[in-house]
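Let's walk through this structure together, from the outline down to single residues. Have the viewer open as you read.

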Amino acid sequence: MTELEYWMQQIAQGRIGRRDFMGRAAALGVGTALASTLLAQAGKADEPQKGGTLKLGIAGGSTTDTMDPTTWTDSVTLVCGFTCMNGLIENGPDNKPVAELAESWEAKPGAAEWVFKLRKGVQFHNGKEFDADDAIYSLNLHRGETKSGAAGPMKAITDIKKLDANQIQITLASGDADLPYVLSDYHLLMVPKDFKDWAKPVGTGAYTLDAFDPGVRAAFKRNANYWKQGRGHVDAVEITVINDTNARMNALVTGQVDVIHRVDPKTIALLKKAPNLEVVRAPGGWHCILPMFTDTAPYSNPDIRLALKHAIDREKVLQVLFSGYGTVGNDNPIPRGDPYFNSELPQTHYDADKAKFYFDKAGMSDARIVLSASDAAFGGAVDMATLYQATAAKAGINIIVKREPADGFWDNVWLKAPFITSYWGGRPAATQMLGVAYKSDAPWNDTHWKQEGFDKLLADARAELDEGKRKGYIWEMQKQLHENGGALIPAFRDWLDAHSNKVGGHTPHNGFDLDNGRIAEKAWLKA
Amino acid sequence: MLRLIVQRLSLGLLTLLAASVLIFAGTEVLPGDLASAILTNSATPENLAAMRKELGLERPAAQRYVEWLGGVVRGDFGHSLTNKRDVIEELAPRLKNTFFLAIYAALIAVPLAVLLGLLAAIWQGGVYDRSINVFTLMTISVPEYFLGYLLIKYVAVELGWFPSLANVSPETPLGDRIFLTFLPMLNLVLVVVAHMMRLTRASVLAIMASPYIEMAILKGLPKWRIVVQHAFPNALAPVINVIALNLAYLIVGVVIVENVFTYPGLGTLMVDRVSKHDVPMVQACGLIFAGTFILLNIIADVGAIMSNPRLRHPR
């Protein structure tokens, strides 16, 4: 993509204004007349068009997939869900909650009691009208004794009550101003009350399921009766499960699919050379992490933690792992794109002298530092560990890299060994990320970070509806983790999708790839 | 003759029985209890016990084996543990795909390999013989996925003749199916041709050193007639055996090719289920693969015997 094309894409996606575009074009030596024509073209491309079959090549499918939302864990079922169903709340384009089947909502002070007003006149694919009973049933699928991936965050809900046919009240054990983010989770999609026939799922979505062959393909047809304005443009959606990275890329290059995701950063330069293909890149919350148990020697010593944080070359890790398609981490689990990202923390860089200084200060020259690494954590984890070993050695810190078998890594190593390679997928809201991994009693607290002050800040931030005060709390938590926490976070990864240039409306989203999974209802095919 | 076939078949059944014991024992010693594999991190002692009871895991392994075997004999392979669907129902379309690709590849590879092998024997030591030897050695030496990627790069991406994605579905008509699976078929053909072709050539040439061939040469017969009429029928036995081995490979060994071309065959299904500890499915796949191997070997044995008059009419 040339720079001019880039700006055309930006204006087409509404990321820059008309005036900005003219300015950029002029800076690139394009005359005003030509720029105006280009602008019109970009505008034209922006106009959604109807019809066609959108073909998606998606990884993360298995022969055991079902359309039961409580079983969903990966991309294929996630996208299938958003293609034929809606949630109460959509995580909007700028990572802000947007009304979907819930029309509006309101929190009582303290944010522990919420009232959601549901949209009227929306019909399921089977003709039934959506109401409060359906919403309560759909949410309750993920509460109590369930294997649902959303069960964790839903535990905070103590009661869901029907107020009238179109209003429900949700009560939480303690306040959480970010409840709308919780409800934007991809598991929490709406189905009719008592619905159980997951082989033929019924939702309110833009498409109806036509065929579902687990781990192979899924086909959808347009729902002519779709309630949402300006969404659901194509006639049919075809999802092909392509788990192999190269096969996915080949399918896009040969035109057998229109859109792919999880593009291998190493091959992206080649992809960019193809004139008919475009890369869609979104900064996301996915980050690799080297968690240290803050209650286990030698990592219980804060100076050891600082020494280890200064001994890693983050820029190089970003290059090696993601060919630069990401951002360097700052031992803060909140991504740059988050509205509550603490932008005033100084960036930690590789500094052998500083690392040596803190290491010596800790006075534990005989400390045995064993890093348990496995590519089960993420592709390239072992390479990263080896690289880290080399840079740390220059600071006089001897890291022993222990290669762990991929099979059983999450059962036997994660949360068990004191210093490992791991990752976090990111969460839509900052308080969710901080809660799931850094709260004292969180089951997945992989740094054993147990600080009363931190827990109190988190509870306060959740219960606080005042933006300014919340920001203060959340910034302080990030500061504590950055300065003292056990999480060494070298890099954040970008979401990398690619599509053929006949696809429009496929925009980057911070939440997840494929437009946060909603690509089928947002994208269209240019005639 | 009939007695021989019956005898071979019953031996085959015995082998299959032995294989079924191995398969059952193999899934039994897999690390991690089945119940805990299903419940993963939501396992509590109570629901673990309940799950074990539901699966019947508390009973002795021998008893469960007999029950499982009884079901298999009646054609009931049980239900998948992951999605509760009937194993046979779920296997059937995959099995069909696997057999389709195997037959497609075999129909082309076997005649081609025999022809190339005979030609190499006729023109032994010539330019053709040497180049076909080098070429087939190359295709057999590189890993099959690498061949697959080469085919995709040149045939699918650069030339655009055939698709790189063999995404067939049960509704795909035969014509489209043949087109969609062309590259995986070619990939498999390239892998198996070398073995069969080289063996054909070697066995024919071994026969060519016999006195009766010398006689034929002295009679002044043309070389191609000597090879096709006199040498090849006597070289059939080893050729049939190597063909059977390769056919078995086409059915049980193609998981990598399936993956490269995203072809929904039995191999990917089995790998998927092994990682999810779906024991009934893995056992069914294992048994089908074992059965295929045994059956093809019986056919090869019988074929080899039939091609040899001395074995056909034992004294």
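What follows starts with chain A as a whole and then moves to its parts.

First, some housekeeping: this is a predicted model, in which local features need pLDDT of at least 70 and side-chain atom pairs count only at pLDDT 80 or more, while totals for chains, interfaces and linings use all residues. Residues are numbered from 1 along each chain as its sequence is written, with chains lettered from A and ligands numbered from 1 in the order in which they are written.

Begin with the overall outline. The C-alpha atoms of chain A fill a box of roughly 70 × 60 × 45 Å along the principal axes. Chain A has a radius of gyration of 24 Å, which agrees with the value near 24 Å for a compact globule of 527 residues (the radius is taken over C-alpha atoms, and the globule rule is 2.2 Å times the number of residues to the power 0.38). Inside that outline you'll find 19 helices and 19 strands; these are DSSP runs numbered from the N terminus, helices being H or I with at least four residues and strands E with at least two.

How much of chain A is buried? Buried residues make up 50% of the 527. Here a residue is buried if 20 or more other C-beta atoms lie within 10 Å of its own, exposed if 12 or fewer, and partly exposed in between, with C-beta atoms placed from the backbone. As for contacts (C-beta atoms, placed from the backbone, within 7 Å), 70% of those in chain A with a separation of 6 or more link residues 24 or more positions apart.

Now zoom in on helix H5 of chain A, residues 132-140. Its buried residues are A:Ala132, A:Asp134, A:Ala135, A:Ser138 and A:Leu139. They sit on the same side of H5(A), because they cover an arc of only 160° around the axis (the arc is that of the directions from the helix axis to the C-beta atoms). In general, an α-helix has 3.6 residues a turn, so residues three or four places apart point the same way.

What do the buried residues of H5(A) pack against? They meet strands E5 (113-118), E6 (157-164) and E7 (167-172) of chain A. E7(A) pairs with both of the others (pairing takes at least two DSSP bridges between strands). It runs antiparallel to E5(A), joined by 5 bridges, and A:Glu113 stands opposite A:Thr171. E6(A) and E7(A) are also antiparallel, over 6 bridges, with a hairpin joining them through 2 residues. E7(A) has a covered face of A:Ile168, A:Ile170 and A:Leu172, and an uncovered one of A:Gln167, A:Gln169 and A:Thr171.

A:Tyr325 counts as buried because it has 21 C-beta neighbours inside 10 Å. Leaving aside neighbours within four places in sequence, its contacts are A:Pro265, A:Ile268, A:Arg281, A:Asp494 and A:Leu496.

Finally, look towards the partner chain. In all, 19 residues of chain A are in contact with 22 residues of chain B. Helix H8 of chain A (residues 245-253) gives the most to chain A's side, with 5 residues. That side divides into 5 nonpolar, 10 polar and 4 charged residues, where Ala, Val, Leu, Ile, Met, Phe, Trp, Tyr, Cys and Pro count as nonpolar, Asp, Glu, Lys and Arg as charged, and the others, Gly among them, as polar.
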